[in-house]
Amino acid sequence: MAGLAAAARARELGAEPLVLEKGDRAGGSMLLSSCVIWRYRSLEAFQEECPDGDPGLQRVIVEQLDGAIDWLESLGAPVVDHGTGNPRTVGKRFDPAGLMQTLVRVIGDSSVRLSERGQTRLIKANILSTGGFPVRLARRRRLLLRANPWSDGDGLDLATKRGAETAGDLDEFYGRALPAGVHVDEEDYVRLSQLYGHFAEVISEDGTERFEGDPGWSETALVQAIARWPGGRAWYRVHEDKLGERIRERTVREIIEAARGAGGTVRDEPPYTSVLVQASVTQTLGGIHIDERARVLGVEGLYAAGADVGGISGGGYSSGLAAALVFGRIAAETALS
Ligand SMILES: Cc1cc2nc3c(=O)[nH]c(=O)nc-3n(C[C@H](O)[C@H](O)[C@H](O)COP(=O)(O)OP(=O)(O)OC[C@H]3O[C@@H](n4cnc5c(N)ncnc54)[C@H](O)[C@@H]3O)c2cc1C
(Lines give C-alpha, C1' and ligand atoms only; values in the text may rest on other atoms or scores of the structure.)
Protein backbone atom coordinates (compact mmCIF):
# COMPACT_ATOMS: atom_id res chain seq x y z
CA MET A 1 0.00 0.00 0.00
CA ALA A 2 2.66 2.54 1.07
CA GLY A 3 4.77 2.04 -2.05
CA LEU A 4 1.80 2.42 -4.39
CA ALA A 5 0.58 5.52 -2.55
CA ALA A 6 4.08 7.05 -2.68
CA ALA A 7 4.49 6.31 -6.38
CA ALA A 8 1.03 7.62 -7.28
CA ARG A 9 1.72 10.84 -5.38
CA ALA A 10 5.16 11.12 -7.03
CA ARG A 11 3.56 10.73 -10.47
CA GLU A 12 1.05 13.43 -9.62
CA LEU A 13 3.93 15.72 -8.62
CA GLY A 14 5.54 15.24 -12.03
CA ALA A 15 8.17 12.59 -11.22
CA GLU A 16 8.70 9.26 -12.93
CA PRO A 17 8.35 6.69 -10.16
CA LEU A 18 9.34 3.06 -10.42
CA VAL A 19 7.80 0.47 -8.11
CA LEU A 20 9.91 -2.67 -7.74
CA GLU A 21 7.65 -5.35 -6.32
CA LYS A 22 9.13 -8.57 -4.97
CA GLY A 23 5.89 -10.52 -5.31
CA ASP A 24 4.09 -11.76 -8.39
CA ARG A 25 1.27 -9.26 -7.90
CA ALA A 26 0.89 -5.69 -6.70
CA GLY A 27 -1.02 -4.70 -3.56
CA GLY A 28 0.81 -6.59 -0.80
CA SER A 29 -1.19 -7.26 2.35
CA MET A 30 -3.54 -4.42 1.44
CA LEU A 31 -5.05 -6.65 -1.22
CA LEU A 32 -5.84 -9.32 1.40
CA SER A 33 -7.21 -6.84 3.90
CA SER A 34 -10.68 -5.67 4.91
CA CYS A 35 -9.40 -2.32 3.58
CA VAL A 36 -10.89 -0.13 6.29
CA ILE A 37 -8.61 2.93 6.37
CA TRP A 38 -9.18 4.66 9.67
CA ARG A 39 -7.88 6.82 12.50
CA TYR A 40 -8.78 7.48 16.10
CA ARG A 41 -10.98 10.54 16.62
CA SER A 42 -8.26 12.59 18.30
CA LEU A 43 -4.55 12.48 19.08
CA GLU A 44 -5.44 12.00 22.75
CA ALA A 45 -7.46 8.89 21.89
CA PHE A 46 -4.63 7.60 19.67
CA GLN A 47 -2.12 8.02 22.50
CA GLU A 48 -4.45 6.35 24.96
CA GLU A 49 -4.89 3.34 22.63
CA CYS A 50 -1.23 3.16 21.56
CA PRO A 51 0.67 4.57 24.54
CA ASP A 52 4.12 3.47 23.34
CA GLY A 53 3.70 5.01 19.90
CA ASP A 54 5.47 8.19 18.77
CA PRO A 55 3.02 11.09 19.36
CA GLY A 56 4.62 13.11 16.54
CA LEU A 57 3.91 10.40 13.94
CA GLN A 58 0.47 9.76 15.42
CA ARG A 59 -0.37 13.46 15.13
CA VAL A 60 0.52 13.46 11.42
CA ILE A 61 -1.90 10.57 10.83
CA VAL A 62 -4.72 12.24 12.76
CA GLU A 63 -4.19 15.51 10.87
CA GLN A 64 -3.64 14.16 7.37
CA LEU A 65 -5.69 10.99 6.99
CA ASP A 66 -9.00 12.61 6.02
CA GLY A 67 -7.30 14.57 3.22
CA ALA A 68 -5.47 11.44 2.06
CA ILE A 69 -8.74 9.50 1.91
CA ASP A 70 -10.31 12.33 -0.13
CA TRP A 71 -7.32 12.06 -2.46
CA LEU A 72 -7.88 8.32 -2.97
CA GLU A 73 -11.53 8.99 -3.77
CA SER A 74 -10.58 11.78 -6.16
CA LEU A 75 -8.40 9.31 -8.06
CA GLY A 76 -11.40 7.01 -8.42
CA ALA A 77 -10.72 4.41 -5.72
CA PRO A 78 -14.04 2.67 -4.95
CA VAL A 79 -15.47 3.21 -1.46
CA VAL A 80 -17.70 0.39 -0.23
CA ASP A 81 -18.60 1.93 3.15
CA HIS A 82 -18.43 5.58 4.19
CA GLY A 83 -17.95 4.65 7.86
CA THR A 84 -15.93 2.18 9.90
CA GLY A 85 -18.78 0.78 12.02
CA ASN A 86 -16.62 1.45 15.09
CA PRO A 87 -17.54 4.47 17.25
CA ARG A 88 -13.89 4.90 18.33
CA THR A 89 -12.72 5.55 14.80
CA VAL A 90 -13.40 7.50 11.60
CA GLY A 91 -12.48 6.40 8.11
CA LYS A 92 -13.76 4.57 5.05
CA ARG A 93 -13.75 1.09 3.68
CA PHE A 94 -12.44 0.68 0.14
CA ASP A 95 -12.61 -2.21 -2.26
CA PRO A 96 -9.02 -3.55 -2.05
CA ALA A 97 -8.72 -4.72 -5.66
CA GLY A 98 -10.27 -1.48 -6.92
CA LEU A 99 -7.91 0.57 -4.76
CA MET A 100 -4.87 -1.33 -6.02
CA GLN A 101 -5.96 -0.97 -9.66
CA THR A 102 -6.62 2.75 -9.21
CA LEU A 103 -3.15 3.41 -7.80
CA VAL A 104 -1.44 1.27 -10.47
CA ARG A 105 -3.34 3.17 -13.19
CA VAL A 106 -2.17 6.52 -11.78
CA ILE A 107 1.43 5.28 -11.47
CA GLY A 108 1.34 3.72 -14.97
CA ASP A 109 1.22 -0.04 -15.51
CA SER A 110 4.73 -0.24 -16.92
CA SER A 111 6.15 1.57 -13.88
CA VAL A 112 5.09 -1.25 -11.54
CA ARG A 113 7.53 -4.11 -12.07
CA LEU A 114 6.57 -7.41 -10.53
CA SER A 115 8.92 -10.07 -9.10
CA GLU A 116 11.76 -7.59 -8.57
CA ARG A 117 13.44 -6.90 -5.26
CA GLY A 118 13.35 -3.21 -4.54
CA GLN A 119 16.71 -2.80 -2.92
CA THR A 120 18.68 -4.01 -5.93
CA ARG A 121 18.48 -0.62 -7.61
CA LEU A 122 19.04 2.78 -6.14
CA ILE A 123 17.58 5.50 -8.23
CA LYS A 124 17.31 9.15 -7.17
CA ALA A 125 15.39 8.53 -3.99
CA ASN A 126 14.58 5.23 -2.40
CA ILE A 127 11.35 4.91 -0.50
CA LEU A 128 11.38 1.70 1.49
CA SER A 129 7.94 0.16 1.73
CA THR A 130 8.41 -3.60 1.95
CA GLY A 131 5.67 -4.21 4.53
CA GLY A 132 7.73 -4.94 7.64
CA PHE A 133 8.74 -8.47 8.61
CA PRO A 134 5.66 -10.57 9.47
CA VAL A 135 7.06 -13.54 7.52
CA ARG A 136 10.28 -13.55 9.54
CA LEU A 137 8.56 -12.99 12.87
CA ALA A 138 6.00 -15.77 12.27
CA ARG A 139 8.78 -18.14 11.21
CA ARG A 140 11.00 -17.32 14.20
CA ARG A 141 8.21 -17.60 16.76
CA ARG A 142 6.49 -20.53 15.02
CA LEU A 143 3.23 -18.69 14.59
CA LEU A 144 0.87 -18.62 11.63
CA LEU A 145 1.32 -15.99 8.94
CA ARG A 146 -1.65 -13.74 8.13
CA ALA A 147 -0.02 -11.39 5.65
CA ASN A 148 1.43 -11.44 2.15
CA PRO A 149 4.23 -14.04 1.79
CA TRP A 150 6.96 -11.59 0.71
CA SER A 151 7.31 -9.15 3.62
CA ASP A 152 10.38 -10.68 5.21
CA GLY A 153 12.21 -7.65 6.58
CA ASP A 154 14.18 -6.64 3.47
CA GLY A 155 13.51 -2.93 4.03
CA LEU A 156 14.49 -3.07 7.68
CA ASP A 157 17.69 -5.00 6.87
CA LEU A 158 18.69 -2.57 4.17
CA ALA A 159 18.04 0.47 6.36
CA THR A 160 19.82 -0.87 9.44
CA LYS A 161 22.83 -1.97 7.37
CA ARG A 162 23.11 1.62 6.23
CA GLY A 163 22.99 2.85 9.81
CA ALA A 164 19.30 3.54 10.37
CA GLU A 165 17.87 3.54 13.85
CA THR A 166 14.95 1.35 14.79
CA ALA A 167 11.82 2.41 16.67
CA GLY A 168 9.32 0.44 18.71
CA ASP A 169 9.52 -3.11 19.98
CA LEU A 170 10.70 -5.45 17.22
CA ASP A 171 8.87 -8.34 18.88
CA GLU A 172 5.50 -6.60 18.99
CA PHE A 173 2.94 -7.38 16.32
CA TYR A 174 -0.68 -7.07 15.36
CA GLY A 175 -2.44 -10.31 14.51
CA ARG A 176 -5.50 -12.45 14.93
CA ALA A 177 -6.41 -15.86 16.30
CA LEU A 178 -6.98 -18.37 13.48
CA PRO A 179 -8.27 -21.95 13.75
CA ALA A 180 -5.26 -24.08 14.81
CA GLY A 181 -3.99 -26.98 12.75
CA VAL A 182 -5.73 -25.85 9.58
CA HIS A 183 -4.19 -24.47 6.41
CA VAL A 184 -5.86 -21.09 5.97
CA ASP A 185 -5.72 -19.73 2.41
CA GLU A 186 -5.00 -16.03 2.17
CA GLU A 187 -8.47 -15.25 0.81
CA ASP A 188 -9.84 -16.67 4.10
CA TYR A 189 -7.70 -14.59 6.45
CA VAL A 190 -10.60 -12.28 7.28
CA ARG A 191 -13.43 -14.85 7.24
CA LEU A 192 -11.67 -17.36 9.51
CA SER A 193 -10.32 -14.88 12.08
CA GLN A 194 -11.69 -15.83 15.50
CA LEU A 195 -12.44 -12.40 16.92
CA TYR A 196 -14.58 -13.18 19.96
CA GLY A 197 -11.94 -13.67 22.64
CA HIS A 198 -13.68 -11.08 24.83
CA PHE A 199 -16.73 -13.37 24.97
CA ALA A 200 -14.66 -16.44 25.81
CA GLU A 201 -12.61 -18.01 28.54
CA VAL A 202 -9.14 -18.24 27.05
CA ILE A 203 -6.93 -21.10 28.23
CA SER A 204 -3.67 -22.40 26.77
CA GLU A 205 -3.86 -25.68 24.86
CA ASP A 206 -2.08 -27.54 27.66
CA GLY A 207 -4.32 -25.93 30.32
CA THR A 208 -1.45 -24.26 32.19
CA GLU A 209 -2.26 -20.65 31.28
CA ARG A 210 -5.42 -18.57 31.45
CA PHE A 211 -5.84 -15.06 30.06
CA GLU A 212 -6.99 -12.73 32.83
CA GLY A 213 -6.23 -9.33 31.32
CA ASP A 214 -8.15 -6.98 29.06
CA PRO A 215 -8.09 -8.39 25.51
CA GLY A 216 -8.49 -4.86 24.11
CA TRP A 217 -11.22 -4.06 21.56
CA SER A 218 -8.98 -5.21 18.70
CA GLU A 219 -7.84 -8.25 20.74
CA THR A 220 -4.22 -7.41 19.92
CA ALA A 221 -3.19 -7.83 23.57
CA LEU A 222 -4.90 -11.22 23.73
CA VAL A 223 -3.30 -12.54 20.53
CA GLN A 224 0.14 -11.47 21.74
CA ALA A 225 -0.41 -13.25 25.05
CA ILE A 226 -1.46 -16.45 23.26
CA ALA A 227 1.60 -16.16 21.03
CA ARG A 228 3.79 -16.53 24.15
CA TRP A 229 2.01 -19.71 25.31
CA PRO A 230 3.10 -23.24 24.32
CA GLY A 231 2.57 -23.70 20.58
CA GLY A 232 1.11 -20.18 20.41
CA ARG A 233 -2.25 -21.91 20.89
CA ALA A 234 -5.33 -21.50 23.06
CA TRP A 235 -8.83 -22.78 23.59
CA TYR A 236 -11.59 -20.19 23.23
CA ARG A 237 -14.35 -21.58 25.48
CA VAL A 238 -17.68 -19.87 24.84
CA HIS A 239 -20.85 -20.23 26.91
CA GLU A 240 -24.02 -20.76 24.86
CA ASP A 241 -25.38 -17.43 26.16
CA LYS A 242 -22.66 -15.66 24.18
CA LEU A 243 -23.11 -17.45 20.86
CA GLY A 244 -25.61 -14.85 19.63
CA GLU A 245 -23.32 -11.87 20.34
CA ARG A 246 -22.33 -9.93 17.23
CA ILE A 247 -18.87 -9.03 16.02
CA ARG A 248 -19.39 -6.68 13.11
CA GLU A 249 -21.81 -8.38 10.71
CA ARG A 250 -21.54 -11.92 12.15
CA THR A 251 -22.48 -13.70 15.36
CA VAL A 252 -20.01 -15.63 17.50
CA ARG A 253 -21.84 -18.81 16.45
CA GLU A 254 -21.30 -18.03 12.75
CA ILE A 255 -17.59 -17.40 13.25
CA ILE A 256 -17.22 -20.67 15.16
CA GLU A 257 -19.08 -22.52 12.41
CA ALA A 258 -16.70 -21.03 9.86
CA ALA A 259 -13.80 -22.50 11.85
CA ARG A 260 -15.54 -25.86 12.06
CA GLY A 261 -16.31 -25.82 8.34
CA ALA A 262 -12.64 -25.19 7.58
CA GLY A 263 -11.64 -28.29 9.55
CA GLY A 264 -10.80 -26.52 12.81
CA THR A 265 -10.94 -28.32 16.15
CA VAL A 266 -14.28 -27.47 17.77
CA ARG A 267 -15.53 -29.27 20.91
CA ASP A 268 -19.18 -29.27 21.87
CA GLU A 269 -19.51 -29.68 25.64
CA PRO A 270 -22.89 -28.09 26.50
CA PRO A 271 -23.33 -25.43 27.64
CA TYR A 272 -19.87 -24.63 26.21
CA THR A 273 -18.35 -24.71 22.75
CA SER A 274 -14.55 -24.63 22.58
CA VAL A 275 -12.40 -23.76 19.57
CA LEU A 276 -8.66 -24.41 19.33
CA VAL A 277 -6.94 -21.32 17.92
CA GLN A 278 -3.40 -20.27 17.10
CA ALA A 279 -1.91 -16.77 17.06
CA SER A 280 -1.08 -15.36 13.62
CA VAL A 281 1.06 -12.40 12.59
CA THR A 282 -0.48 -9.78 10.33
CA GLN A 283 1.86 -6.87 10.86
CA THR A 284 5.01 -6.10 12.80
CA LEU A 285 4.85 -2.91 14.87
CA GLY A 286 8.54 -2.22 15.41
CA GLY A 287 10.70 -1.09 12.50
CA ILE A 288 12.63 1.76 10.97
CA HIS A 289 12.72 5.09 12.83
CA ILE A 290 11.47 7.96 10.67
CA ASP A 291 10.70 11.59 11.34
CA GLU A 292 7.44 13.35 10.54
CA ARG A 293 8.55 13.87 6.92
CA ALA A 294 9.22 10.12 6.42
CA ARG A 295 12.99 10.57 6.44
CA VAL A 296 14.88 7.58 7.81
CA LEU A 297 16.80 8.81 10.83
CA GLY A 298 20.51 8.31 10.41
CA VAL A 299 20.53 7.78 6.59
CA GLU A 300 20.61 10.73 4.22
CA GLY A 301 18.31 10.43 1.18
CA LEU A 302 16.40 7.38 2.39
CA TYR A 303 12.67 7.39 3.15
CA ALA A 304 10.35 4.76 4.58
CA ALA A 305 6.60 4.27 4.91
CA GLY A 306 4.05 1.64 5.89
CA ALA A 307 4.84 -1.33 8.07
CA ASP A 308 8.58 -0.85 7.47
CA VAL A 309 8.23 2.05 9.92
CA GLY A 310 8.24 1.29 13.63
CA GLY A 311 6.86 2.99 16.68
CA ILE A 312 3.49 4.26 15.51
CA SER A 313 1.11 1.77 17.16
CA GLY A 314 3.29 0.66 20.08
CA GLY A 315 1.31 -0.83 22.96
CA GLY A 316 -1.90 -1.11 20.95
CA TYR A 317 -3.35 -1.17 17.48
CA SER A 318 -4.03 1.40 14.79
CA SER A 319 -4.79 1.26 11.08
CA GLY A 320 -1.74 0.03 9.19
CA LEU A 321 -3.33 1.17 5.95
CA ALA A 322 -3.76 4.70 7.30
CA ALA A 323 -0.08 4.89 8.27
CA ALA A 324 0.94 3.45 4.89
CA LEU A 325 -1.24 5.91 2.97
CA VAL A 326 -0.28 9.02 4.92
CA PHE A 327 3.46 8.37 5.15
CA GLY A 328 3.61 6.97 1.61
CA ARG A 329 2.31 10.29 0.30
CA ILE A 330 4.60 12.28 2.61
CA ALA A 331 7.66 10.24 1.58
CA ALA A 332 7.05 11.13 -2.07
CA GLU A 333 6.49 14.80 -1.24
CA THR A 334 9.65 15.01 0.89
CA ALA A 335 11.78 13.12 -1.61
CA LEU A 336 10.70 15.49 -4.37
CA SER A 337 10.92 18.72 -2.38
C1 LIG B 1 -6.35 -10.17 6.40
C2 LIG B 1 -5.89 -8.77 6.67
C3 LIG B 1 -6.84 -7.79 7.02
C4 LIG B 1 -6.41 -6.47 7.25
N5 LIG B 1 -7.35 -5.52 7.47
C6 LIG B 1 -6.95 -4.23 7.63
C7 LIG B 1 -7.89 -3.17 7.73
O8 LIG B 1 -9.10 -3.36 7.57
N9 LIG B 1 -7.43 -1.93 7.99
C10 LIG B 1 -6.09 -1.64 8.08
O11 LIG B 1 -5.74 -0.50 8.31
N12 LIG B 1 -5.18 -2.62 7.92
C13 LIG B 1 -5.56 -3.88 7.68
N14 LIG B 1 -4.63 -4.85 7.47
C15 LIG B 1 -3.20 -4.48 7.54
C16 LIG B 1 -2.77 -3.78 6.22
O17 LIG B 1 -2.98 -4.64 5.15
C18 LIG B 1 -1.31 -3.37 6.35
O19 LIG B 1 -1.17 -2.53 7.47
C20 LIG B 1 -0.82 -2.60 5.11
O21 LIG B 1 -0.99 -3.38 3.94
C22 LIG B 1 0.63 -2.20 5.27
O23 LIG B 1 1.03 -1.53 4.13
P24 LIG B 1 2.51 -1.72 3.58
O25 LIG B 1 2.60 -0.94 2.33
O26 LIG B 1 3.47 -1.44 4.65
O27 LIG B 1 2.61 -3.29 3.28
P28 LIG B 1 1.97 -4.12 2.10
O29 LIG B 1 0.65 -3.59 1.72
O30 LIG B 1 2.04 -5.55 2.50
O31 LIG B 1 2.95 -3.89 0.88
C32 LIG B 1 4.32 -4.27 0.99
C33 LIG B 1 4.78 -4.72 -0.39
O34 LIG B 1 6.19 -4.84 -0.40
C35 LIG B 1 6.54 -6.00 -1.16
N36 LIG B 1 7.92 -6.38 -0.81
C37 LIG B 1 8.37 -7.04 0.27
N38 LIG B 1 9.72 -7.15 0.22
C39 LIG B 1 10.13 -6.52 -0.92
C40 LIG B 1 11.39 -6.28 -1.55
N41 LIG B 1 12.55 -6.69 -1.02
N42 LIG B 1 11.40 -5.63 -2.74
C43 LIG B 1 10.25 -5.21 -3.34
N44 LIG B 1 9.03 -5.42 -2.80
C45 LIG B 1 8.97 -6.04 -1.59
C46 LIG B 1 5.48 -6.99 -0.77
O47 LIG B 1 5.39 -8.03 -1.72
C48 LIG B 1 4.23 -6.09 -0.76
O49 LIG B 1 3.62 -6.01 -2.05
C50 LIG B 1 -5.02 -6.15 7.19
C51 LIG B 1 -4.11 -7.13 6.81
C52 LIG B 1 -4.54 -8.42 6.54
C53 LIG B 1 -3.52 -9.43 6.06
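Predicted model: local features only at pLDDT ≥ 70, side-chain atom pairs only at ≥ 80, totals over all residues.

Modeller: Three strands are arranged as an open sheet in the order S2-S4-S3, and the pairing is antiparallel. Its edge strands are S2 and S3 (79-81), each of which pairs on one side only. On average, neighbouring strands of this sheet are turned by 30 degrees against each other, direction ignored.

Colleague: Which helix packs on the sheet, and which strands does the helix touch?

Modeller: Helix H3 (residues 55-75) packs there, touching S2, S3 and S4. The direction of H3 makes about 155 degrees with that of S2.

Colleague: How many bridges join S2 and S4?

Modeller: S2 and S4 (residues 89-94) pair over 5 bridges in the antiparallel sense.

Colleague: Why is strand S2 described as largely enclosed by the rest of the structure?

Modeller: A residue is called buried when its relative accessible area is under 20%. In S2 (residues 36-40), 5 of the 5 residues are buried, so the strand is largely enclosed by the rest of the structure. Both faces are covered: Val 36, Trp 38 and Tyr 40 lie on one side, and Ile 37 and Arg 39 on the other.

Colleague: Is Ala 294 buried or exposed?

Modeller: Ala 294 has 0% relative accessibility, and therefore counts as buried. This residue is found in the loop between strand S18 (287-288) and strand S19 (302-304). Leaving aside residues up to four places away in sequence, Ala 294 touches Leu 302, Tyr 303, Ala 304, Phe 327, Ile 330 and Ala 331.

Colleague: Let us turn to charged side chains. How many salt bridges does the count come to?

Modeller: A salt bridge requires a side-chain nitrogen of Lys or Arg within 4 Å of a carboxyl oxygen of Asp or Glu. By this rule the count comes to 19 salt bridges. One of them joins Arg 136 and Asp 157, whose closest N and O atoms are 2.7 Å apart. Arg 136 lies in helix H5 (residues 134-141) and Asp 157 in helix H6, so the pair ties together parts that are 21 residues apart in sequence. Arg 136 counts as partly exposed, at 26% relative accessibility.

Colleague: Where do Glu 201 and Arg 237 lie, and how many residues apart are they?

Modeller: Glu 201 and Arg 237 meet through their side chains in a salt bridge (2.8 Å, N to O). Glu 201 lies in strand S11 (residues 201-204) and Arg 237 in strand S12 (residues 233-239), 36 residues apart, so that the pair links distant parts of the chain. Elsewhere, salt bridges that share partners join Arg 9, Glu 12, Arg 329 and Glu 333 into one network.

How values were computed: Residues numbered from 1 in each chain as written. Heavy atoms only, no water. Helix = DSSP H or I, 4+ residues; strand = E, 2+ residues; numbered from the N terminus. Buried < 20%, exposed > 50% of the residue type's maximum accessible area, 1.4 Å probe, protein only. Contact = heavy atoms within 4.5 Å. Pairing = 2+ DSSP bridges. Axes fitted to C-alpha atoms, helices over the stretch in contact; angles between N-to-C directions.
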